[in-house]
Amino acid sequence: MVSDFFYPSIGGVEEHVYNLSQMLLALGHKVVVLTHAYGDCSGIRYVTHGLKVYYLPIKVCYNQCILPTAICQVPMLRAVLLREQVDVVHGHSAFSALAHEALMVGSLLGLKTVFTDHSLFGFADLSAALTNKLLEINLSMVNHAICVSHIGKENTVLRARVAKHRVSVIPNAVDTALFTPDPSQRPDNGVINIVVASRLVYRKGIDLLAGVIPRFKNTPNINFIIVGDGPKRDLLEEIREKTNMQDRVEILGAVEHAQVREVLVRGHIFVNTSLTEAYCMAIVEAASCGLQVVSTSVGGIPEVLPNSLILLTEPDIEAIYSAILVAIDRHRSIATTTPAANGHIPQKTDSDSRAKRKRRKKNATEVPSTSSASMSCTAPAAVPTVAVDNGSSSSNLEPVLCPHRCNELVETLYNWEDVAQRTVKVYERVMKERAFTLSELIYAVYQCGAWFLAFLVVGHFLLRLLEYWRPRIRIEVAHEPRPKRAL
């Protein structure tokens, strides 16, 4: 597993790499993670369940990524890959320069390579065009690619010009045993907490969030809890000061992933304002904790959760504000409902409610069937993806899912064991393929652009020089208990 993004950094890619690695270890495979050093965290470290992590001594250039030199890290990457007797090099994130360099080195060494794309990109701006070109070049040397959503696959196939049969869709997952609801942590004085957890950067729509928060200045009993850090944090703090909402907007900054659940269970509503997203892990974790999710309908987000767990809206300040008001009204409509002894919210059984649900089902998309137990207190499908009028009457509101049933429903949809098993099938498929020859790699890169051939050729001759100077037979193999195969 190779990526610039790994713990102690916090994010969706970091969590994906960690959880997938843990599950592959549980399945009996050997997994080694390669990333760059994070401050004092450098060298070889062992984390939970003996997962071996190489924190390589490479300086960070920008936004937790190393400088994309293509060839400067070749000696170090070659030494690690040969020392660990790696069979498959699996890179993560199109933003990770380290992953791209490792994939190139792996291909030149005759190893099998897999790449997972976690993001969506446009085609219009210069940065996207450059990133797309680099991705096209790297995927031409990769055996197989994985995307986390179907819209992500379409985006990758278009911008990287890769054949569809070489791209698979394997979604992310969430540990529902870790992210469990606890309604007792919510305030019982009528206050509704709105939670936001993401990197505070432009593409996460923080500018939209900064426009939504002031609209609740004169709305009592509505508080915000914001988790995350980034360059847009100053903007949120400025908005908080200007609106005199210091006691209602809590900015926690970066929080360890193990503590995220403790923050989520304090909330009633989770808001995601992303401008682009292939798959949002945060909304799945929030739904698993029983929060009602309000999210922008961008990228692969509409694929992630059923309509009963999410309110989708356009990436517009007014639309997001209206959707949050709908979610608030839903919670207030059940505020008088007395929870059962086990914490579950009882389902309405009167004939009027059943008639209303039947009428709504005719005009809305039904939730995919899972099991009778998990659907016993679920709500019918939510309103369509449109801005909801602020003056909507309570008769048009959908009931909120019982927090514990939310957790059960998410568990039926996503789990890391399924993700790991599907990933292993991809590994088994690429292991049956023959390794790329040098002429095939040169031709594939030339088709993408002759200018990158210089880096490929230099990388090849550098590997030949290293083979002469330090043959692989002289590289000490890592002496550890070795399963049947290494990944």
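Of the 487 residues in the protein chain, buried residues make up 55%. The structure is a predicted model, and its secondary structure comes to 16 helices and 15 strands.

**Confidence of the prediction**

- The protein chain has a mean pLDDT of 83, and 85% of its residues reach 70 or more.
- Among the elements of the chain, strand β6 (residues 88-92) has the highest mean pLDDT, at 96.
- Helix α12 (residues 351-361) has the lowest mean pLDDT among the elements, at 47.
- Over residues 338-343 the pLDDT is below 50, and this stretch has six contacts in the model beyond near neighbours in sequence.
- Residues 364-397 also have pLDDT below 50, and for this stretch the model shows 68 contacts beyond near neighbours in sequence.

**The pair of helices α15 and α16**

- Helix α15 covers residues 438-448 and helix α16 covers residues 453-469.
- The two helices pack at an angle of about 160°, and their axes are 9 Å apart.
- Because an angle over 145 degrees counts as roughly antiparallel, α15 is described as roughly antiparallel to α16.
- The crossing of α15 and α16 is right-handed.
- On the side of α15, the contact is made by L438, L441, I442, V445 and Y446.
- On the side of α16, the contact is made by L453, L456 and H460.
- By residue class, the contact of α15 with α16 divides into seven nonpolar residues, one polar residue and no charged residues.

- Where in the secondary structure does V263 lie? V263 belongs to helix α8, which runs over residues 257-264.
- Is V263 buried or exposed? V263 has a relative accessibility of 8%, and a residue under 20% counts as buried, so V263 is classed as buried.
- Which residues does V263 touch, when those up to four places away in sequence are not counted? V263 touches V195, I225, V227 and L252.
- One of these contact partners, L252, is 11 residues from V263 in sequence, and the C-alpha atoms of L252 and V263 are 9.5 Å apart in space.

Notes. Residues numbered from 1 in each chain as written. Predicted model: local features only at pLDDT ≥ 70, side-chain atom pairs only at ≥ 80, totals over all residues. Heavy atoms only, no water. Axes fitted to C-alpha atoms, helices over the stretch in contact; angles between N-to-C directions. Helix = DSSP H or I, 4+ residues; strand = E, 2+ residues; numbered from the N terminus. Parallel < 35°, antiparallel > 145°, perpendicular 65-115°, else oblique. Left-handed = near helix turned anticlockwise from the far one by under 90°. Contact = heavy atoms within 4.5 Å. Nonpolar A, V, L, I, M, F, W, Y, C, P; charged D, E, K, R; others polar. pLDDT = per-residue confidence, 0-100. Buried < 20%, exposed > 50% of the residue type's maximum accessible area, 1.4 Å probe, protein only.
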